[in-house]
Amino acid sequence: MGESPPPTPPPPAAPAKVYYEGCPGCAMERRKESSTGTPYKELFFVGITTFASSLPITSLFPFLYFMIQDLHVAQREEDIGFYAGFLGASYMVGRGFASIFWGMVADRIGRKPVIVFSLFTVIVFNTLFGLSVKYWMAITTRLLLGALNGFLAPIKAYSIEVCRDDEQALGISIVNTAWGLGLIIGPAIGGYLAQPAKQYPHIFHDKSTFGRFPYLLPCLCISIFATFALISCIWLPETLHKHAKFEMRAETAEAGTTQESTESPKKSLWKNWPLMSSIITYCVFSLHDTAYSEIFSLWTVSGRKYGGLSFSSKDVGQVLTVAGVSLLVYQIFVYRWLNNTLGPVNSTRIASALSIPIIAAYPFMTRLSGIRLGLALYIAAMIKSVLAILVGTEAPACSVLSR
C-alpha cells in the first residue's frame, strides 16, 4: 500500500492590524471594522456641509447682470458681460491658487479643521459680498471666499475614509450630489431673493436694509445655513492618522529582531495613463460645468436683442430649482442602477457624448417662445444637470479604480 500524502499545512494567518491609541484615524479604522452598516450619520453631515459650502459659488449668477448695473461700473449695456465675467470668475481664480495648499494642510493637521475653517469663510465673506457697494469690494470678497475655502478636496477624502471599501463610491456620490445640488439651488436662492424690494414690495421697503443692499438677503440666507452646518461639524469625527508612521501590518518577527522591508520603486503618477486620463476628464468637465453655470444665467437674463431670453432673476431661479429636483430624483432612484449596469467608464463616455447636443441646442431656443420655450429649456436644464453630476461622480471613481 502506498503511503498517504502528508496533510496540507494550513495557510498562514493574516497579520493582525496595529492601531495606535489616541490616533483619530486608527479609531475610525476600528469603527469601520466593527460596524457592518452604512455610516449614515457621517454621510449626512458630509452632505450638509458640502451643500452649505457649494451654495455661494453660483448663487450670484441670476443677479450678476443686475448687480453690475447697480454698481455703475459698465459704461454701456453691452459691457455688462465683460465685468460680470471677471466678477464671476474671481471665486475660481482664488480657489485655483489655493486648492493645493489646502489639500496639503488637510494632510498635515486634519480634515476637520480645514472643513470648519472653510465654512467659517463662507459665513464671513459671503455676507460681505452681499454688502458690496463697489465693484472692487465685490471682486475682493469673492476672491478671498475662493482662496480661503479649501473644502472640496478634504471632504472627498473624508467621505472615503469614513466608508468601507465597498461603500466608497457611495461616499463620493454623496459629496458630488450635494455639491451639484448646491451649484443648482444656489442660483435658485439668488434668483428668488435678490432685489427683494422690487420682487416683494409688500414685504420689503426701499428704505429698509434689504432695499439699500438688494443682494444681501440671498447671501445672508446662505450664511445662516452655513452657520448651522458649521455647528454640525461638532459631530464630525477626525479621520486623519496622526502618528508618525502608520503601519497596518503587525511585525511578525520575534521580539528584539528587526527586518528591513524591501519596497518596489513607486511608479510615477504622470505615467499612470488611466489615472491621468481620469483627471483630465474631470478637469475638462469641471471647466465645462462652471462655464455653463455662469453663462446660462447671463444668457437667460440678457435681452432678446442680444440673443438672450429676457428672463428675470426669479425666472432663472425657477428653472434651476426644477433642475435641482431632477438631480435629487436621479441620485435617489437611478444612480445605483446605472452605475451597476454601465460602470464608471461607460457612464462617463455616454454622459460626455450626450452633453454635446444638449449644449448645442441652447442657442436655438431663442427662436422659441411661450410653452415651447419653457418645455425645451426645462428639459435641457434637467438633462444637463444630471449629465454634469454623472461625470463628476464617475470620473473620480475611474481614478480610484486606476490607482
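A crossing of two helices is right-handed if the near helix is turned clockwise from the far one by less than a right angle, and left-handed if anticlockwise. The exercises below use this predicted model.

**Exercise 1. Helix 2 against helix 8**

Describe how helix 2 and helix 8 pack: give the angle, the distance between the axes and the hand of the crossing.

Solution. 
- Step 1. Two packed helices are described by the angle between their axes and the distance between the axes.
- Step 2. Find the partners. Helix 2 covers residues 40-58, and helix 8 covers residues 168-193.
- Step 3. Read the geometry. The angle is about 35°, and the axes lie 7 Å apart.
- Step 4. Assign the hand. Helix 2 and helix 8 make a right-handed crossing.
- Step 5. Sort the contact by class. Between helix 2 and helix 8 there are 15 nonpolar residues, eight polar ones and no charged ones.

**Exercise 2. A residue of helix 8**

Decide whether asparagine 176 is buried or exposed. Then state how far its C-alpha atom is from that of lysine 156.

Solution. 
- Step 1. Asparagine 176 belongs to helix 8.
- Step 2. Apply the cut-off. Buried means under 20% relative accessible area. Asparagine 176 has 6%, so it is buried.
- Step 3. Take the distance. Asparagine 176 and lysine 156 are 20 residues apart along the chain, and 8.7 Å separates their C-alpha atoms.

**Exercise 3. A nonpolar surface patch**

Name the residues of the nonpolar surface patch and its area. Then find the helix that gives the largest share.

Solution. 
- Step 1. List the members. They are Val325, Leu328, Val329, Ile332, Phe333, Val334 and Trp337.
- Step 2. Give the area. The patch has about 720 Å².
- Step 3. Find the main source. Helix 13, residues 313-333, supplies the largest share of the patch, five residues.
- Step 4. Look at one member. Tryptophan 337 sits in helix 14, residues 335-361. Its relative accessibility is 56%, so tryptophan 337 counts as exposed.

**Exercise 4. Salt bridges**

State how many salt bridges there are.

Solution. 
- Step 1. Recall the idea. Side chains of opposite charge can pair when their charged atoms come close.
- Step 2. Set the cut-off. A side-chain nitrogen of Lys or Arg must be within 4 Å of a carboxyl oxygen of Asp or Glu. The count is four salt bridges.
- Step 3. Take aspartate 107 and arginine 111. Here the closest N and O atoms are 2.6 Å apart. Arginine 111 is buried, because its relative accessible area is 7%.
- Step 4. Take lysine 384 and aspartate 289. The closest N and O atoms are 3.2 Å apart. This pair links distant parts of the chain: lysine 384 is in helix 15 (residues 370-401), aspartate 289 is in helix 12 (residues 273-301), and they are 95 residues apart. Lysine 384 counts as buried, because its relative accessibility is 2%.
- Step 5. Look for shared partners. Asp107, Arg111 and Glu161 are joined by salt bridges into one network.

**Exercise 5. Positive phi**

Give the phi values of histidine 72 and serine 310.

Solution. 
- Step 1. Know the background. Most residues other than glycine have a negative phi.
- Step 2. Check histidine 72. Its phi is near 55°, a positive value in a residue other than glycine.
- Step 3. Check serine 310. Its phi is positive, about 60°, and serine 310 is not a glycine.
- Step 4. Serine 310 is partly exposed, because its relative accessible area is 44%.

Note on methods:
Residues are numbered from 1 along each chain as its sequence is written. This is a predicted model: local features need pLDDT of at least 70, side-chain atom pairs count only at pLDDT 80 or more; totals for chains, interfaces and linings use all residues. Side-chain values use heavy atoms; hydrogens and water are left out. Axes are lines fitted to C-alpha atoms, for helices over the stretch in contact, and angles run from 0 to 180 degrees between N-to-C directions. Helices (H or I, at least four residues) and strands (E, at least two) are DSSP runs, numbered from the N terminus. Ala, Val, Leu, Ile, Met, Phe, Trp, Tyr, Cys and Pro count as nonpolar, Asp, Glu, Lys and Arg as charged, and the others, Gly among them, as polar. Patches are made of residues with over 30% relative accessible area and no salt bridge: like charges are joined within 9 Å, nonpolar side chains (Val, Leu, Ile, Met, Phe, Trp, Tyr) within 5 Å. Accessible areas come from the Shrake-Rupley method with a 1.4 Å probe; for residues, only the protein chains shown count as cover. Buried means under 20% relative accessible area, exposed over 50%, partly exposed in between (1.4 Å probe, protein chains only).
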